[in-house]
Amino acid sequence: MKKQILWTMLLAGASAIAGSAETITAAGATFPAPIYQKWFEDFHKAHGDVQINYQAIGSGGGIRQLTEGTVDFGASDMPMTDDQLSKVTKYKVLHFPTVIGGIVPTYNVAGAAALKFSGETLAGIYLGNIKKWNDPALKKDNPGVNLPGEDITVVHRSDGSGTSFVFSDYLSKVSPEWKSKVGANTSVNWPVGLGGKGNEGVAGLVKQTPNSIGYVELIYAAQNKMEFGAIKNAAGNFVKADVTTVTDAAAGAAKDMPADFRVSITNAPGKNAYPIASFTWLLIPDKIDNATKKKAITDFLAWMMTAAQADAPGLSYAPLPKPVVAKEQKQIALIK
């Protein structure tokens, strides 16, 4: 009888401990989802009483759910606009850069490896002005390459996407026609193409569709063993995305980072800078009433900026520049 009572007490104690675990909900960008999933799992292993559940639904969805108050924090590859921030009335939203990533043009063209694209050519393809792979503009970017005379199948995101914002932001900087007709946003009116949900959806469509082109975060092209092209940068050099060239893109911004961390680094200067690169942000309320959640989130942020940055290169992201980390560490104190 005593043993039964003892086991009952032990089980009750275990249930109480399990029940005390704090669950934090978050949603948003697919661009950084691979590293976020790793970080949240690793943080849970080190802090068994904290579980961060993240839904990779796109930056637009993350901003929407944060605004509606259905998540504890959001994630986006596009900084929130002044208009979006004004709609959050219960607290101020703080932007915390987490890593830097590159958006790459991935394609499925038989026999064509290591293609190059100028910004004007990419804009022409996505405007529907360049319709075939052997178009003179593509031949100019790729002298000596035997390009097929097949129609180009264009693939873009179907959901509200920070990846789309970064891509369209870049095209707006290099193509006046794109800027005037389409512009930059998480969701735009695509002139042509098929829509795929999430980075993984676009990667899947390109992989299964001959003569297609799409844009995805670098890790998705790498994980799916897909071809992706070099982009002509502001210095006139064709550069492929990797940790070094994405880091170079952020070099200038790191020195002059605005106080609210809302910055664009597309088409950055520098001979080796990859031109379609971006910081990605966690969107954190500056007021968290639940003391346990506040401690868990601030502890995660402090760890993310320091020890966790070592995970970035292995997943094809560039770690945060040290000057940015120093500024972010001070911002943690603003969370009350």
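The buried residues of helix α13 pack against β4 (93-108), α11 (243-255), β12 (277-285) and α12 (291-305), where contact means heavy atoms within 4.5 Å. Helices (H or I, at least four residues) and strands (E, at least two) are DSSP runs, numbered from the N terminus. This is a predicted model, in which local features need pLDDT of at least 70 and side-chain atom pairs count only at pLDDT 80 or more, while totals for chains, interfaces and linings use all residues. Residues are numbered from 1 along each chain as its sequence is written, and side-chain values use heavy atoms, with hydrogens and water left out.

Helix α13 spans residues 322-331, and its buried residues are V324, V325, E328 and Q331. Buried means under 20% relative accessible area, exposed over 50%, and partly exposed in between (1.4 Å probe, protein chains only). The four lie on the same side of α13 because they cover an arc of only 115 degrees around the axis; the arc is that of the directions from the helix axis to the C-beta atoms. An α-helix has 3.6 residues a turn, so residues three or four places apart point the same way. On the face of α13 turned away from the buried side are the exposed residues K322 and K330.

One of the elements that α13 packs against is β4, and T98 is found in this strand. T98 is buried, with a relative accessible area of 0%. Leaving aside neighbours within four places in sequence, T98 is in contact with Y36, W39, T280, L282, M304, Q309 and L320.

A contrasting position is N267, in the loop between α11 and β12. N267 has 23% relative accessibility and therefore counts as partly exposed. Not counting residues up to four places away in sequence, N267 touches Y170, K173, V174, N233, A234 and P275. P210 is 57 residues from N267 along the chain, and their C-alpha atoms are separated by 29 Å.

Over the whole chain, the secondary structure comes to 13 helices and 12 strands. The radius of gyration is 22 Å, close to the 20 Å that the globule rule gives for 336 residues, so the chain is as compact as a globular protein of that length. That radius is taken over C-alpha atoms, and the rule is 2.2 Å times the number of residues to the power 0.38. The C-alpha atoms fill a box of roughly 85 × 45 × 35 Å, taken along the principal axes. Of the 336 residues, 53% count as buried.
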